[in-house]
Amino acid sequence: MTDNNFTSRADNTWCPGCGNFAILQALKEVFAELEHKGIPREEIVLVAGIGQHGKLFDLLTINGFYSLHGRTIPVATGIRLANPDLRVICVAGDGDCYAEGLDHLIFGAKRNLDITVLVHDNRVYGLTTGQYTPTSPSGFRGRSTPGGIQERPLNPLELMLASGASFIGRGYSRHRDQLKRLIEEAILHRGFAFLDILQICPTYSDLTEYYNKHIYDWDTATEDFQKAWEKAREWNYSAEGRIGLGVMYKTSAPVFEDAYPGKGSVSREVRRAFTERLLAERI
Amino acid sequence: MPSVNEGEISILIGGRAGEGISSAGQIIAQLLSSLGYRVYMYLDYPSRIKGGHNFAIIRGADFSVGAVRETVDVLLAMNKETIDLHKKRLSDNGAILYRADTANVAEGIGVDMKGILASEHAPPVMGNTALLGAFVRSAGIEWSRAEQVFRHAIPKEIELNLRVAHRAYEAGTELLTIPPLITKRLPVVTGNEAIGIGLIEGECLLYCGYPMSPTSNLLHFLAVHANHLGMQVLQPESETAAILIALGGAYAGARTAVGTSGGGFCLMTEALGLAGIAELPVVIVLGQRAGPSTGLATYTAQADLQFALGAGQGEFPRLIAAPGDADEARWWTTTCMDLAWKYQLPAILLADKILCEGMYSLDPMEKPTLQVVPLMAGEVEHPYLRYAMTASGISSLKFPPYKGEVIRVNSHVHDEDGITTEDPQVTRAMADKRAKKLQGLQEEIEKMEPVQVLGIRDASTAILCWGSNKGICAEIGRRLGLRVVQPVVLWPFPESCFARAMEGVERWIGVETNETGQLSRLLRQFGYVPEGVVLKYDGRPFAVEELEGELKGRVA
C-alpha cells in the first residue's frame with residue numbers, strides 16, 4: 001500500500017456533478033493529513049451502508065466493511081469493542097441512516113461511541129432512483145410520491161443533540177475546504193462525532209441554488225446545549241431559514257467503549273480452569 | 001421408598017410467580033445430585049413476574065435423565081392452587097407437604113411457614129426455604145448434607161436461610177427414604193449455563209443479546225462472569241444490532257456470539273446472509289420457543305429447524321447443531337465457535353426452552369478433539385486478498401490493523417480483494433468458493449460423531465429425534481427395545497454417519513415437538529421416509545408416560 005492518493009482500481013460510477021466526489025476527495029486528503037500527524041492508515045476502518053455513498057468503500061484503498069442498508073453503526077460498535085485502537089468512520093446516506101437505521105444512530109449518540117458518522121445527506125434516494133427520504137423537504141415530489149409528501153422532514157442536528165452526540169456539525173459538498181476541516185476535526189474528536197453533509201444530487205434533487213442562497217458559517221462550536229439547540233433550529237430542512245455550516249456543538253463526555261475491557265485475551269487453559277472451578281461449585 | 005419406578009424419584013414444587021419456585025427446584029436438584037442421582041428439572045411458568053402458577057418438576061434417577069414423568073412422588077405446595085392442580089399426579093404412596101395456612105389437606109403434612117418465619121424474623125420470601133427444610137426431613141436426608149447444598153446454592157443471607165430451613169427440618173416428620181447411590185457426583189447446570197460455559201471455553205470475547213426467553217439467562221450468566229475472562233457482554237438496542245455488533249467484532253478479530261429466540265432470529269436473518277457472503281464467523285444461539293409470532297413466550301417448541309435451515313435470502317453455507325443435553329450443549333457450543341472460525345461462516349446452535357431452562361447433571365462424555373487453527377499464524381503475501389481463492393475455499397483471515405495491507409469485507413458480490421463486482425464469472429467463482437467450505441466442513445463434521453445412536457443400538461425399529469428429546473427417547477428406547485437415532489448436526493447434514501446409524505433399521509418413527517415433523521422433512525431430502533411421526537405442539541414437553549404410551553401403540 002504505497003499509493004498516496006488512496007485511490008483503488010474500482011471504477012467510479014457516480015453521475016457527473018455528484019456531491020459524493022467532493023466527499024471522496026475530502027476523505028483522501030484527510031487520510032493523508034492524519035497519516036502525516038502519526039495516525040497510520042492501517043488503523044482506519046471505513047464502514048459503509050448501502051446507497052450511492054457506499055461506493056466510497058470500493059473507491060478508497062482503506063480498510064473497510066461494506067455493511068447493509070442502515071447498518072453502519074452497530075458494525076462500528078463491534079469493531080471498536082474488539083479493538084479500540086482502530087478509528088472507525090461510518091459513511092452513511094440519509095435514507096440509510098435516518099430511515100432504516102435510525103435506531104442505531106440514536107443509540108450510537110446515546111452511548112457516545114468514539115466513532116465518526118458522516119451522513120451524505122442529498123435528501124433523495126439515488127441508488128433506487130429518486131424517492132423521498134426522511135430529510136426531503138415538505139411537498140417533495142419523488143417517484144413514489146408524485147403528489148408531494150405531506151410529512152415534515154427530520155432535523156438530524158436536533159435529533160443528534162437530543163440523543164447525546166458529543167460532536168455535531170454540518171458540511172456542504174460545494175464547500176470542500178471547510179468539509180475537509182470538518183471531517184478531520186470529527187475524526188479527531190473523542191466521542192460520537194456526527195456530520196450531516198448537505199450533498200448535491202444533480203440528477204434527482206439539485207438544491208445548489210437554494211443552499212447557496214441560505215448558507216452561512218457558524219462561529220466556533222458551542223458547548224452550551226441551549227445555544228446549540230437554537231442553532232439547530234435555525235433551519236428545519238424545509239422552509240426558508242439560515243443554514244449554518246461548521247461545528248454546531250462540541251463537548252466532552254464519557255466514551256462507551258472505555259467501560260469495556262477491550263482486546264481481552266485469556267488463554268483457553270485459563271478459561272478451562274475457570275469453568276472447571278465453576279462446575280466444581282455445582283457438584 | 002415410595003417411588004413409581006425403582007431407582008428414581010420425582011418431586012414437584014409449585015406456587016405463585018415470585019415465590020422462588022425455580023431456585024427451590026434447583027436446590028432440590030442439587031440435593032438429589034448430592035445423593036448420587038442423575039437429575040433433570042423442568043420449569044413451567046407463565047409469562048409474568050408476579051402471580052400466575054409456577055412449578056418445577058425435579059426427577060432424579062440412576063441413569064442419565066432428560067425428561068420428567070407425569071407422576072410425582074412428592075408434591076411441595078406453596079399454595080392451595082398447587083395441590084388442586086397437581087394432586088392428580090401424585091403416586092400411590094406419594095407425599096404432600098404444603099404451606100399450612102393456605103390449605104388443609106388430610107393426606108398431607110402442613111408446614112407452619114408463617115410461624116417459622118415469624119420466629120426467625122425472616123421475610124416472607126424465605127417461605128420456600130422453610131418448605132425445603134421440611135422436605136429435607138421428610139425425605140430422610142441428613143441435615144449436614146442439606147446444609148452443605150444450601151451453603152453452595154443460596155447467594156444471600158445464608159445464615160438466616162439456614163435457621164429457617166433448620167427450624168422447618170426440626171418440626172418435620174420423616175415420610176420416605178431416598179437411598180444414596182454410589183456413583184460419581186456430577187455438577188448440575190442449566191442448558192443456558194452449559195452453553196455459556198461452552199462459549200467461555202470457545203474463547204468468546206464478545207457476547208451480545210437482546211433479552212428474550214429462553215436465552216435471557218444466558219445473557220445474565222455471561223454478564224456475571226464476563227469480568228473474570230476479559231469478555232464483553234452487551235445488551236444492544238435490538239437483535240439486528242446484536243448480530244451486526246458481533247460481525248463488526250469478528251472483522252476486527254474477536255470471537256463473538258449472540259443469543260436469541262425465533263422472534264429475535266427473524267431480525268438477525270438480515271445479517272445472517274451478510275455473515276455468509278462476507279465470510280464472517282459468528283455463533284448464534286437460537287433457543288426455540290412456541291410460535292408463531294410471540295406465541296407462548298415461556299413454553300417450548302422445536303419449530304424453527306426449517307427456518308434456521310433456510311433463513312436469509314440467497315444461498316450460503318452455515319452450520320447448524322442441535323445439542324440434546326447439557327454436556328452436548330457445552331461441547332457443541334465450543335465446537336460451533338471453532339468451526340465457525342475455521343470455515344469463516346455463521347454457526348447456529350439450535351436449542352429450545354427445555355434445554356435452555358432445564359437443569360441437567362452434566363456428565364462429560366469422551367469427545368473427539370478438534371484441531372483449532374491458529375488464526376494469526378503466518379504472514380501473507382502482498383497484496384493481502386481477504387477472499388483469495390484456495391483449494392479449500394478458505395482464505396487466510398487477517399484483521400486490521402495489518403501493516404501495509406487493506407482488509408475489506410463486503411456484503412455485495414466481491415472479488416478476491418473484497419471490491420464489489422457484478423462480473424458473472426467472479427460471481428460464480430465466489431459462490432463455488434463458499435460452497436467448497438461447506439464441503440470441507442461436512443467432511444470434518446463426519447469425523448466428530450455428529451449422529452448419536454442410543455437406546456438398543458442394534459434394534460431394527462428406530463425412533464428419530466433431535467435436540468431436547470434426546471433424553472426421553474433414549475430412556476424409552478431402552479425400555480421398549482428401540483434404537484434411537486439423534487442427529488446432532490443438522491447442517492451440513494452428516495449423510496455418511498447418518499447412513500451408518502441407520503444400518504439395519506427397517507422402520508422408524510419421528511418424535512418432535514412441532515406440528516409438521518421438521519426433522520422428518522429434512523430427512524426426506526436424503527431419502528429417509530418415516531413410518532409415522534409423534535408430534536407435540538402445545539408448548540409442553542413430552543412426559544415419559546405420554547410418549548411411551550404413544551410409541552408402544554405404534555411399534556407393537
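Is A:F6 buried or exposed, judged by its C-beta neighbours inside 10 Å? A:F6 counts as buried, with 21 such neighbours; a residue is buried if 20 or more other C-beta atoms lie within 10 Å of its own, exposed if 12 or fewer, and partly exposed in between, with C-beta atoms placed from the backbone.

## Basis of the description

This is a predicted model, in which local features need pLDDT of at least 70 and side-chain atom pairs count only at pLDDT 80 or more, while totals for chains, interfaces and linings use all residues. Residues are numbered from 1 along each chain as its sequence is written, and chains are lettered from A and ligands numbered from 1 in the order in which they are written.

## Overall form of chain B

Chain B contains 18 helices and 21 strands. Helices (H or I, at least four residues) and strands (E, at least two) are DSSP runs, numbered from the N terminus. The C-alpha trace of chain B spans about 80 × 55 × 40 Å along its principal axes.

Of the 556 residues of chain B, 58% count as buried. Among contacts in chain B with a separation of 6 or more, 71% come from residues 24 or more positions apart. Two residues are in contact if their C-beta atoms, placed from the backbone, lie within 7 Å.

## Domains of chain B

Chain B is divided into domain 1 (8-171), domain 2 (190-361) and domain 3 (451-555), with bounds that come from an automatic or database domain assignment. The C-alpha centres of domain 1 and domain 3 of chain B lie 34 Å apart. The contact takes nine residues from domain 1 of chain B and 10 residues from domain 3 of chain B.

## Nonpolar cores

A nonpolar core is a set of buried Ala, Val, Leu, Ile, Met, Phe, Trp, Tyr and Cys residues joined through C-beta atoms within 7 Å. The largest such core has 252 residues, and B:L247, B:V282 and B:L349 touch the most other members. Helix α12 (residues 326-343) of chain B gives the most to this core, with 10 residues. A second, separate core of six residues includes A:C18, A:V124, A:I200 and A:C201.

Apart from neighbours within four places in sequence, the contacts of B:L247 include A:V75 and A:G78 in chain A, as well as B:A271, B:L274 and B:V282 in chain B. A:V75 and A:G78 are among the buried residues of α3(A). In this helix (residues 73-82), 10 of the 10 residues are buried, so α3(A) is largely enclosed by the rest of the structure.

The contact takes 51 residues from chain B and 45 residues from chain A. On the side of chain B that touches chain A, β7 (188-190), α7 (191-201), α9 (239-251), α10 (262-278) and β15 each supply at least two residues. The largest share of that side, eight residues, comes from α9(B).

Nine strands form an open sheet of mixed pairing, in the order β7(A)-β8(A)-β5(A)-β6(A)-β4(A)-β3(A)-β1(A)-β2(A)-β15(B). Two strands pair if DSSP finds at least two bridges between them. The edge strands, each pairing on one side only, are β7 (215-217) of chain A and β15 (408-410) of chain B. Neighbouring strands of this sheet are turned by 20 degrees against each other on average, direction ignored; axes are lines fitted to C-alpha atoms, for helices over the stretch in contact, and angles run from 0 to 180 degrees between N-to-C directions. Strand β2 (residues 63-66) of chain A runs parallel to β15(B) and is joined to it by three bridges. A:Y66 stands opposite B:N410 in β15(B).

## Backbone exceptions

Most residues other than glycine have a negative phi, and most peptide bonds are trans. A:F6, in the segment before α1 of chain A, has a positive phi of about 55 degrees although it is not a glycine. Phi of B:E449 is also positive, near 50 degrees; B:E449 is found in the loop between α14 (424-446) and β16 (451-455) of chain B and is partly exposed, with 16 other C-beta atoms within 10 Å.

A cis peptide bond joins B:S213 and B:P214, with omega about 5 degrees. B:P214 is in the loop between β8 (206-209) and α8 (216-225) of chain B. Another cis peptide bond joins B:W491 and B:P492, with omega about -5 degrees, and B:P492 is in the loop between β19 (489-491) and α16 (495-501) of chain B.
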